[in-house]
Amino acid sequence: MPIYDARPVVGEATLERDGFKLLRHASRLQRKDFRNPQYVVSVYLREAERAIQQETGADLVVAANAPIVRLNSADAEEAGLVKPAPIAHADYTSFTFHSL
């Protein structure tokens with residue numbers, strides 16, 4: 001299944017029609033900060049929750065599972081070798097489920 005960069009079509013998808021919506025959001029995190037799980041949870045996930053809550057008007061938004069960037073070497077990012085994952089995925093286990 002082809003996967004495309006949807007950023008050029010921000011604003012075209014709607015929750016009501018498509019079941020998702022793309023939002024522009026600038027995080028306080030820098031790329032290297034995604035290696036720190038505690039920082040991702042305390043900053044990035046809270047930012048995501050606030051953005052979703054503002055967009056939807058939901059009373060409660062809970063973002064679970066911090067995305068962590070894993071690199072093959074410490075120099076990979078600086079050398080420009082960081083590439084997107086070959087597939088879109090989310091890893092859920094029984095531990096993940098019970099921690100929600």
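Asparagine 36 caps helix α2 at its N-terminal end, with a side-chain oxygen 3.0 Å from the backbone nitrogen of glutamine 38. The model is predicted. This briefing covers helix α2, then aspartate 33 in the loop between α1 (15–18) and α2 (37–56), and finally glutamate 47 within α2.

**Helix α2**
- The helix comprises 20 residues and spans 27 Å from its first C-alpha to its last, close to the 28 Å expected at 1.5 Å a residue.
- Its buried residues are Val40, Val43, Leu45, Glu47, Glu49 and Ala51.
- An α-helix has 3.6 residues a turn, so residues three or four places apart point the same way.
- Glycine 57 follows α2 and has a positive phi, near 75°.

**Aspartate 33**
- Aspartate 33 counts as buried because its relative accessibility is 14%, and buried means under 20%.
- A polar atom of the aspartate 33 side chain lies 2.7 Å from the backbone nitrogen of glutamine 30.
- Leaving aside residues up to four places away in sequence, aspartate 33 touches Arg28, Tyr39 and Val40.

**Glutamate 47**
- Glutamate 47 has a relative accessibility of 6% and therefore counts as buried.
- Leaving aside residues up to four places away in sequence, glutamate 47 is in contact with His25, Ser27 and Arg28.
- The C-alpha atoms of glutamate 47 and alanine 63 are 9.5 Å apart in space, with the two residues 16 apart in sequence.

Terms used
Residues numbered from 1 in each chain as written. Predicted model: local features only at pLDDT ≥ 70, side-chain atom pairs only at ≥ 80, totals over all residues. Heavy atoms only, no water. Helix = DSSP H or I, 4+ residues; strand = E, 2+ residues; numbered from the N terminus. Buried < 20%, exposed > 50% of the residue type's maximum accessible area, 1.4 Å probe, protein only. Polar contact = N/O pair within 3.5 Å; in protein donor to acceptor, adjacent residues only side chain to side chain. Contact = heavy atoms within 4.5 Å. Expected span 1.5 Å × (residues − 1).
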